[in-house]
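Please read the points below alongside the structure. They cover the core and the charged pairs.

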Amino acid sequence: MRVRSHYDREYLRALRRADEQQDSASLRSSGPNAASPGDAPHVTDIRVLIDGADRWRVETRAADGTTHSVEGCDGTRRWILQDGVVRDSYESVGGERRRLPVETVWAANRARTAREVLDPALVLPSIGITSVSGVESRFGPATELTCTPRSTDITESAMVSPLANSVYLDVLTDSGFLVSARNVDEAGSTLVAHDVIELDVSPRFGPADFTPPAR
């Protein structure tokens with residue numbers, strides 16, 4: 001699976017100002033300023049391989065292909081590649097490695113966007129659904145949810161921006177995966193968009209897919 005995210009540059013600057021001011025409520029009421037002409041969106045690309053909650057790999061890259069981070073879990077240890085160094089963790093009892101708890105290891109990865117693609121229920125606390133309709137996505141029939149975002153004082157979602165006026169979510173009818181999320185302002189301009197651009201529901205994995213990259 002690959003997820004591509006587009007962020008309006010002025011929107012990102014507005015978020016930084018909100019973090020500095022610790023006043024997201026007043027920022028939402030005023031909204032982000034208009035973007036400068038030709039100010040291209042910031043694009044990130046997430047590639048996810050997953051073979052159950054305890055065997056996965058997440059690679060985050062910039063639009064130019066530069067790798068931001070790689071992390072994964074092989075069932076026994078969870079690892080992350082940072083600054084050219086692999087750091088890992090695992091459970092040990094009496095010096096013997098044991099498998100990591102399945103219920104916690106997938107939720108521990110930093111790619112919240114990927115987790116919400118696979119489990120749209122994680123998004124529900126962040127939205128109020130105003131209408132439901134059928135649409136055709138690039139992966140087949142889907143349900144489009146038109147929503148209003150809730151304040152981050154209540155909850156937080158990678159797919160939903162509290163600065164948006166409306167949020168449109170496309171959930172596949174057959175698999176239930178969340179394959180598109182678009183956050184728009186009052187004028188209809190897109191602030192943030194997340195789109196699944198590749199999806200293989202029956203992947204084949206190699207022995208090295210869930211181990212740290214060789215350095």
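1. The largest nonpolar core has 35 residues, and Met1, Tyr11, Val48, Val123, Met159 and Leu169 have the most contacts inside it. Such a core is a set of buried Ala, Val, Leu, Ile, Met, Phe, Trp, Tyr and Cys residues joined through side-chain atoms within 4.5 Å. Strand β10 (residues 166–172) gives the largest share of this core, 4 residues. Strands (E, at least two residues) and helices (H or I, at least four) are DSSP runs numbered from the N terminus.

2. The model is predicted: local features need pLDDT of at least 70, side-chain atom pairs count only at pLDDT 80 or more, and totals for chains, interfaces and linings use all residues. Residues are numbered from 1 along each chain as its sequence is written, and side-chain values use heavy atoms, with hydrogens and water left out.

3. The chain has 4 helices and 12 strands. Of its 215 residues, 39% count as buried (under 20% relative accessible area; exposed is over 50%, partly exposed in between; 1.4 Å probe, protein chains only).

4. The whole structure holds 11 salt bridges, each a side-chain nitrogen of Lys or Arg within 4 Å of a carboxyl oxygen of Asp or Glu. In one of them, arginine 2 pairs with aspartate 45 at 2.8 Å between the closest N and O atoms. Arginine 2 lies in strand β1 (residues 2–7) and aspartate 45 in strand β2 (residues 42–50), 43 residues apart. Aspartate 45 is buried, at 10% relative accessibility. Arg2, Arg4, Asp45 and Glu198 are linked in a salt-bridge network.

5. Glutamate 116 and arginine 112 also form a salt bridge, with the closest N and O atoms 2.6 Å apart. Glutamate 116 is buried at 0% relative accessibility, whereas arginine 112 is partly exposed at 27%.
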